[in-house]
Amino acid sequence: MSDIAVTMVILGLAVVAFVSGKVPTGLVALGASLALLATGVLDLPQAFAGFADPAVVLIASLFVVAEGLDASGLTGWAGQQLVSRGGTKAGVLTVLVMLVVAVLSALISVNGAVAALLPVVVVVASRISVAPSRLLLPLAFGAHAGSLLTLTGSPVNVIISELAAETGHGGFGFFEFTAVGAVLVVGTVLITVLFRRWLIPERMPATMPRDLSDHARTLLREYATPQPFARVRVRSNSPLVGRSAGEARLGELAPVQLIAVQGTDRRPAGETIQPGDRLLVRGETTSIRILKKEAKLAGLGANGSLGRTDALIDATYGVAEVVVSPRSSMVGETVFPGMITDSGDLVVLAVQRAGEAIDSQTIVLESGDILLVQGRWDALDLNLADPDLLVVDQPDQLRRQAAPLGMRAWVALAILVLMVASLATGIMPPAVTGLLAAAAMVLTRAVTVERAHRSISWTTLLLVAGMIPMSTAITKTGAAELIATGLVDTVGHLGPLFVLLALCVVALVFGQLISNTATALIIAPIAVSVAVELHVSPLPFLMAVAVVSAAAFLTPVATPANFMIMGPAGLRFGDYWRLGLVLVVLFLAVAVLLVPLLWPF
């Protein structure tokens, strides 16, 4: 059997495995590479070349950058602005949702943008009494359109740009995608808003998430603590320096209660108060002001009526309610308000039993007791994974809805701007730029090392790295040339425009059944061979493949973003195609009619 036949058989089996969904996509891609190696189609370096490909490095880096933007609160802030500025009109909110997610997709990928905004959009739908499906389907489809605004919007864009560079015609620049992406975003928004009544079904999910945007006041009310909390920073000249928490005696300076002493970003609190330590206190706003003056403390905010940052929930710190589960090892343990947990990361603010707050200095925990704890957001994520505790509202969901922006958000934004500038000007290779941006996110603590590791979608990396050898085999064995010759022989006499149309239709069909990234890796080498056969530029063919690969609208399994909204929106498998089919026509028209005008044959 010839190498071409072997390659096509392996490709066919891979497509069947992708469509079946019974084998993880990463394993399918790796299996295809190993099969090409075992049959002798590729040698060892070629079979594993995908793992050293700059495109894979850039894609991995972008996952970390996206996590930095999310962990710093920028994506949550975007969602909060959506809530506060969107009003109550469904049409206006649909436009805002689609525009915000389009911009986020262009910067942090489709899946990241949809995941970041999904909880907030569901809350918005609940507030204005609109079925979540009416906003979530536009959210996912707007993200697909926005992915074509920049180079970083999708792994497909990175792959297509790199392949364009390999043809000798130069890769696509960071903002070159914007010419088609802007048209697609505007068209997608207009179609969705004008025809949403007929094209988007009205569905309701089994359960609706809670609105947590005003959660701090809710907790204060529930735990009978009407006095505001505040977090103040100890200055070097404060008379409290060197004293223990018990010796601080804040009440002598002002009628304020000291809840806990918290350390800085780089060190935990010690036995005595040190410059830079944070004091979590509770008292009337006037009393807190007096304390700050008398004890020479710097104010970090209180949750009073002065519009300042909430000390319970801010950019750095959050709160969580946890229930002591039955048969928990914590039953019988002694706690008290102001107690710092063994890890040193969390502070117990209050304890509630049978719906009533317990105001006691010694509390023996029972099954069903609820603890209100506070700590840094990353500490909450880490410590509340304990199976002995049941978390009422997940900290990550609360952070997205209620936390304001902090200094790390501006640092993360600056890193993003510098990365975009570097990618746009090409002063460094894209993979190097991505790595530097990801490293900067970690070094500036915009994202922790652990979250950076978890943020990387290994499925996507395995898919790209595993399918790059398949693209190599399709080109090396002559399979791409053979398919291209057949395509040209069939419709070539009608001109390159009809050949482009035929190629786009094939890519569209593939894109509804398997990953759009896998589709691009299969179709892109064929597109280059078609251009060679026709003696025209490959750039319009490659850009058209990028456009139609993003048009994965017809099924929930076409992309993770489509599937992600299915449950929260209450959508069914057949609910996607009505709006999706109209948008597929739009994307196909842009790929066949607009792309050749911008990148002539």
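This is a predicted model: local features need pLDDT of at least 70, side-chain atom pairs count only at pLDDT 80 or more; totals for chains, interfaces and linings use all residues.
**Exercise 1.** Determine how helix 7 is oriented relative to helix 8, and characterise the contact of helix 7 with helix 8.

*Solution.* Step 1: helix 7 spans residues 110–127 and helix 8 spans residues 133–146; their axes cross at roughly 160° and come within 10 Å. Step 2: angles over 145 degrees count as roughly antiparallel, and helix 7 is therefore roughly antiparallel to helix 8. Step 3: the crossing of these two helices is right-handed. Step 4: helix 7 contributes Val110, Val114, Leu117, Leu118, Val121, Val122, Val124 and Ala125, while helix 8 contributes Leu135, Leu136, Leu139, Ala140, Ala143 and His144. Step 5: by class, the contact holds 13 nonpolar residues, one polar and no charged.

**Exercise 2.** Characterise the packing of helix 23 against helix 21 and against helix 22.

*Solution.* Step 1: helix 21 (residues 496–513) packs on helix 23 (residues 539–549) at about 30°, the axes lying 9 Å apart. The crossing is right-handed. Step 2: from helix 21, Pro496, Val499, Leu500, Leu503, Cys504, Ala507 and Leu508 meet Pro540, Phe541, Ala544, Val545 and Val548 of helix 23. This contact comprises 12 nonpolar residues, with no polar and no charged ones. Step 3: helix 22 (residues 516–534) and helix 23 have axes 8 Å apart at an angle of about 155°. Helix 22 is therefore roughly antiparallel to helix 23. Helix 22 also passes helix 23 in a right-handed crossing. Step 4: on the side of helix 23, this contact involves Phe541, Leu542, Val545 and Ser549. The residues of helix 22 in it include Asn516, Thr519, Ile523 and Leu534. The contact of helix 22 with helix 23 divides into 11 nonpolar residues, three polar and no charged.

**Exercise 3.** State how many aromatic pairs the model contains, and identify the members of one aromatic cluster.

*Solution.* Step 1: ring centres must lie within 6.5 Å to pair, and the count comes to seven aromatic pairs. Step 2: Phe141, Phe553 and Phe587 form one aromatic cluster.

Methods
Residues are numbered from 1 along each chain as its sequence is written. Side-chain values use heavy atoms; hydrogens and water are left out. Axes are lines fitted to C-alpha atoms, for helices over the stretch in contact, and angles run from 0 to 180 degrees between N-to-C directions. Helices (H or I, at least four residues) and strands (E, at least two) are DSSP runs, numbered from the N terminus. A crossing is left-handed if the near helix is turned anticlockwise from the far one by less than a right angle, and right-handed if clockwise. Contact means heavy atoms within 4.5 Å. Ala, Val, Leu, Ile, Met, Phe, Trp, Tyr, Cys and Pro count as nonpolar, Asp, Glu, Lys and Arg as charged, and the others, Gly among them, as polar. Rings of Phe, Tyr and Trp (its six-membered ring) pair if their centres lie within 6.5 Å; planes under 30 degrees apart count as stacked, over 60 as edge-to-face and the rest as tilted. Angles under 35 degrees count as roughly parallel, over 145 as roughly antiparallel, 65 to 115 as roughly perpendicular and the rest as oblique.
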